[in-house]
Amino acid sequence: MTATAYDPIAFHEGLVKHGLIVPAGVDGIFGRGHVFEDVLDRFDKLILDIAAKDGAQVLLFPPTIDRTIIEKTHYMDSFPHLVGAVYSFFGKELAARQLSEHIHAGDAWGEHLAMTHVCLNPAACYPVYPTLTGKVPADGRLVTLFAWVFRHEPSIEPTRMQAFRIREYVRCGTPEQVVEWRNMWLQRGIELLQSLGLPARADVASDPFFGKGGKMLASNQVEQQLKFEVLVPVISEENPTATCSFNYHQDKFGEAFDIKTPDGETAHTACLGFGLERVTMALFQAHGFDPAAWPVAVRQKLWP
Ligand code: ZN
């Protein structure tokens, strides 16, 4: 029995009613309860377990990144509608008093702030690429990250969040190394989700590029099969939710950050990310709001 009949509002209400999430005033921003967190944590550990023998380097970055990464990757050409640039106050005494007056009067106050050197991280892998500048070893590089990411897309639909966590893997090396790795993981990802009783399937996908030019970029991406997603129905059967994505960037980041293979060619990169909240929600939708009542096989995987 699914938790709800694939209805975003009913699913949101169910998550709240069972204390799994706690509304926090803004669409797409909410607190997580301890049962929700327990499932999320255990799913993350399962991913780490199946990937343990790959020997990925573990890195952790804060949810704010160097603004120049956004600039060098041309993020604002493709996704200006999703950015979260951090602004702060740089003024003196008088300007501070004016700022305070505007806020107390209920006026807009954004124009009194100015850009800082950081942005909220929009993609788990972004802070890794500047660390790879130079020559990568003959067998390439493999990094894993746990990251909070931000996308400005407020929505009452619970699987569309403004801030969420990703378990990410990043591979860097020759085109062959990178594509082989991504294809291996695509199969692995589907099997992992299916082993938890989720009706997961893969499909070719594209990023939500902005505007008219974006349509062209998206169709190129589909044509070249650069992006795959593993989909699971959570709030809709017709439009299943992307629970993980597998992205082949070709030489985009290698060019932007001067990353080379040992023979001096521009390195290629690929990344994959599991949306940890989305997988957690998919589990609640598939098996019900009370994990104690989940199928034994699923429980044994998550609580061995
Ligand atoms: Zn990535």
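The legends below describe close-up views of a predicted model.

Residues are numbered from 1 along each chain as its sequence is written, and side-chain values use heavy atoms, with hydrogens and water left out. Because the model is predicted, local features need pLDDT of at least 70 and side-chain atom pairs count only at pLDDT 80 or more, while totals for chains, interfaces and linings use all residues.

**View 1. The two assigned domains.**
The domain assignment of the protein gives domain 1 as 8-84 + 122-302 and domain 2 as 89-120; such bounds come from an automatic or database domain assignment. Taken over C-alpha atoms, the centres of domain 1 and domain 2 are separated by 34 Å. Nine residues from domain 1 and six residues from domain 2 take part in the contact, where contact means heavy atoms within 4.5 Å.

**View 2. The sheet of seven strands.**
Seven strands form an open sheet in the order β3-β8-β9-β14-β12-β11-β10, and the pairing is mixed. Strands here are DSSP runs of E with at least two residues, and helices are runs of H or I with at least four residues, both numbered from the N terminus. Two strands pair if DSSP finds at least two bridges between them. At the edges stand β3 (57-59) and β10 (201-204); each has a single partner strand, so one side of each is left without a neighbour in the sheet. Direction ignored, neighbouring strands of this sheet are turned by 20 degrees against each other on average. Axes are lines fitted to C-alpha atoms, for helices over the stretch in contact, and angles run from 0 to 180 degrees between N-to-C directions.

**View 3. Strands β9 and β14 with helix α2.**
Strand β9 (residues 163-173) pairs with strand β14 (residues 268-275) in the antiparallel sense, over eight bridges. In this view R167 stands opposite F274 in β14. Helix α2 (residues 34-51) lies across β8 (141-150), β9 and β14, and runs at about 10 degrees to β9.

Three protein atoms are donors of the zinc ion: C125 (SG), E168 (OE) and C271 (SG), lying 2.0 to 2.3 Å from it. Donors are N, O and S atoms within 2.8 Å of the metal (3.2 Å for Na, K and Ca); water is not among the atoms, so sites may look incomplete. Along the chain the donors of the zinc ion follow the spacing C-x42-E-x102-C. E168 lies in strand β9 and C271 in strand β14, so this pair ties together parts that are 103 residues apart in sequence. E168 is buried, with a relative accessible area of 5%, and C271 is buried as well, at 4%. Buried means under 20% relative accessible area, exposed over 50%, and partly exposed in between (1.4 Å probe, protein chains only).

**View 4. Cysteines C244 and C271.**
The structure holds zero disulfides, a disulfide being a pair of cysteine sulfur atoms within 2.5 Å. C244 is in no disulfide, and the nearest cysteine sulfur, that of C271, is 11 Å away. C244 is buried, with a relative accessible area of 2%.

**View 5. F257 and its surroundings.**
F257 is found in the loop between α8 (252-256) and β13 (259-260). With 6% relative accessibility, F257 counts as buried. Leaving aside its neighbours within four places in sequence, F257 is in contact with I69, K72, T73, Y129, P130 and T133. C-alpha to C-alpha, F257 and Q187 are 30 Å apart in space, and they are 70 residues apart in sequence.

**View 6. Two residues with positive phi.**
H74 has a phi near 55 degrees, a positive value in a residue other than glycine. The place of H74 is the loop between α3 (67-72) and α4 (75-78), and H74 is exposed, with a relative accessible area of 51%. Q250, also a residue other than glycine, has a positive phi near 50 degrees. Q250 lies in strand β12 (residues 241-250) and counts as partly exposed at 27% relative accessibility.

**View 7. The sheet of three strands.**
An open sheet of three strands runs in the order β4-β6-β5, with antiparallel pairing. β4 (64-66) and β5 (85-88) stand at the edges with a single partner strand each, so one side of each is left without a neighbour in the sheet. Neighbouring strands of this sheet are turned by 55 degrees against each other on average, direction ignored. β4 and strand β6 (residues 114-120) pair in the antiparallel sense over three bridges, and T64 stands opposite L120 in β6.
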